[in-house]
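I opened a new structure today and kept notes as I went. Here is what I looked up, entry by entry.

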Amino acid sequence: MTSPSTPEQADDVATPDELSHAPGFLARRMYQAYLAAWLHDVDATLTGPQFAVLQITGENPGCDQRSIADLVALDTSTMADVARRLENRGLLSRTPSPADARRKLLNLTEEGRATVHDANLRARKLDEELLRPIPAEQRADVLRHLAVLADHWERLGQEH
């Protein structure tokens with residue numbers, strides 16, 4: 001017997017076409033599934049934004065926190081929180097800029113380099129699995145289309 005607070009699931013329940021064909025709805029579904037796969041296959045404690053900060057900092061040692069935030073698509077307050085958490089975990093160092101003490105310069109620690117290296121290996125395997133349903137010869141096109149959409153959606157968000 002079903003409890004009174006739990007609605008019964010009908011066999012003919014379906015998502016309306018207006019929703020199932022909406023790019024934002026599909027993007028949200030993909031993102032939710034991606035988060036679950038990331039936690040399972042890559043790292044249960046390192047978030048995607050944290051990984052991106054570590055990855056970009058590793059490629060741009062000594063870069064300022066605001067520039068990294070722009071590259072990761074994080075607002076400055078979220079970036080400050082992410083950087084502080086990574087610093088507290090011993091993965092990142094933040095030092096004041098000699099030119100402007102308000103600016104924080106970021107560098108990976110040895111542990112941060114090892115963490116991003118290991119996570120990157122697992123993330124690339126996840127990338128392969130995520131794209132597996134797409135024929136190999138079409139994957140570059142799919143990624144190019146996703147990048148075009150990401151750029152366009154970011155511009156739309158900045159306009160509002």
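**Helix α3**

I began with the length of α3. Its 12 residues should span 16 Å at 1.5 Å a residue, and the end C-alpha atoms are 17 Å apart, which agrees. I note that this is a predicted model.

Next I asked which residues of α3 are buried. They are Q50, F51, V53, L54, I56 and T57. I recalled that an α-helix has 3.6 residues a turn, so residues three or four places apart point the same way. Then I looked up what the buried residues of α3 pack against. I found the helices α2, α4, α5 and α6, and the strands β2 and β3.

**The core**

I turned to the largest nonpolar core, which has 25 residues. Which of them touch the most other members? My list reads F51, V53, L54, I68, M79, L86 and L92. In soluble globular proteins, nonpolar side chains tend to be buried together.

I picked L92 and listed its contacts, leaving out residues up to four places away in sequence.

In what order do the three strands of the open sheet lie? I read β1-β3-β2, with antiparallel pairing. β1 (63-64) and β2 (92-96) are at the edges; each has a single partner strand, so one side of each is left without a neighbour in the sheet.

I looked at how β1 meets β3 (residues 104-108). Two bridges join these antiparallel strands. D64 stands opposite L105 in β3.

**R113**

I went on to R113, which lies in helix α6 (residues 110-131). Its relative accessibility is 40%, so I put it down as partly exposed; the band for that runs between 20% and 50%. What joins the side chains of R113 and E110? I found a polar contact of 2.6 Å.

I also compared R113 with L146. They are 33 residues apart in sequence, and their C-alpha atoms are 28 Å apart in space.

**The record**

Last, I checked UniProt. The unreviewed entry carries the annotation "domain: HTH marR-type" for residues 23-151. I computed that this span is 67% helix and 9% strand. Its end C-alpha atoms lie 14 Å apart.

Terms used:
Residues numbered from 1 in each chain as written. Predicted model: local features only at pLDDT ≥ 70, side-chain atom pairs only at ≥ 80, totals over all residues. Heavy atoms only, no water. Pairing = 2+ DSSP bridges. Helix = DSSP H or I, 4+ residues; strand = E, 2+ residues; numbered from the N terminus. Buried < 20%, exposed > 50% of the residue type's maximum accessible area, 1.4 Å probe, protein only. Polar contact = N/O pair within 3.5 Å; in protein donor to acceptor, adjacent residues only side chain to side chain. UniProt positions renumbered as here; feature names shortened; annotations may be inferred. Core = buried A, V, L, I, M, F, W, Y, C linked by side-chain atoms within 4.5 Å. Contact = heavy atoms within 4.5 Å. Expected span 1.5 Å × (residues − 1).
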